[in-house]
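Biologist: Please take me through one part of this model in close detail. I would like to see how pieces that sit apart in the sequence are joined.

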Amino acid sequence: MSSGEPIDWPEDGVILYDGVCIFCASWVRFVAIRDTAHRLRFTPIESPYGRRLAERLAIDPANPDTNAVILGGRAFFRSDAALAVLSTLPGWRWVRSLRLVPLRVRDVVYGLIARNRYRVFGRRDSCDVSAPWLAGRVIWDQPSDPD
């Protein structure tokens, strides 16, 4: 699946992230605190819901190399995901101008950070979704749609 492609997924405004990655958890905290309208929700890839979403997006849950977001019925990955999320936050619409930077360049920088995130920033033993700034905004598990 490529970035910006339409996706048939029941939830919108969902950020998929690596819950054991300290850098990724900091990103979620950054977004959650600034998303004062609570338009975005979060799902760690370690959760049953996050695992289903990752598999639907063709992201290996055992070795995630990207975060992703579902916005406006479209799936965004890597730097596109970061810019899409930031542009929804109050006072951050200016980041849309960063789309002028070629995708290949943005994704090289994103990939460099993604590949080294554990070594540079560290990792936790488990995903912590109990932080007060995440209250009511984490999707851990939801029943599958009945067939």
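**Salt bridges across the chain**

Modeller: Start with Asp 35, which is buried at a relative accessible area of 3%. Keep in mind that this is a predicted model. The partner of Asp 35 is Arg 137, and their side chains meet in a salt bridge, 2.5 Å from N to O. Asp 35 sits in the loop between H1 and E3, while Arg 137 lies in the segment after H4, so the pair ties together parts that are 102 residues apart in sequence. Arg 137 is buried as well, with a relative accessible area of 3%. Side chains of opposite charge can pair when their charged atoms come close.

Now move to Asp 18. Arg 117 forms a salt bridge with Asp 18, and the closest N and O atoms are 2.9 Å apart. This pair also links distant parts of the chain: Arg 117 is in helix H4 (residues 103–121), and Asp 18 is in the loop between E2 and helix H1 (22–34), 99 residues apart. Arg 117 has 8% relative accessibility, so Arg 117 counts as buried. Asp 18 has 5%, so Asp 18 counts as buried too.

Next comes Glu 11. Glu 11 forms a salt bridge with Arg 41, with the closest N and O atoms 2.1 Å apart. Glu 11 is in the loop between E1 and E2, and Arg 41 is in strand E3 (residues 41–44), so the pair ties together parts that are 30 residues apart in sequence. The cut-off for buried is under 20% relative accessible area. Glu 11, at 17% relative accessibility, therefore counts as buried. Arg 41 has a relative accessible area of 26%, so Arg 41 is partly exposed. In total, the count comes to six salt bridges.

Stay with the loop between E1 and E2. A search of the whole structure finds five aromatic pairs. Trp 9 is in the loop between strand E1 (5–6) and strand E2 (14–17), and Tyr 49 is in helix H2 (residues 48–56), 40 residues apart. Both Trp 9 and Tyr 49 are buried.

Last, look at strand E1 itself. E1 pairs with strand E5 (residues 74–77) in the antiparallel sense, over two bridges. Within this pairing, Glu 5 has Ala 75 of E5 as its bridge partner. E5 also pairs with strand E4 (residues 68–71), again antiparallel, over four bridges. E4 and E5 form a hairpin with two residues between them.

Terms used
Residues numbered from 1 in each chain as written. Predicted model: local features only at pLDDT ≥ 70, side-chain atom pairs only at ≥ 80, totals over all residues. Heavy atoms only, no water. Phe/Tyr/Trp six-rings, centres within 6.5 Å; stacked < 30°, edge-to-face > 60°. Buried < 20%, exposed > 50% of the residue type's maximum accessible area, 1.4 Å probe, protein only. Pairing = 2+ DSSP bridges. Salt bridge = Lys/Arg side-chain N within 4 Å of Asp/Glu carboxyl O.
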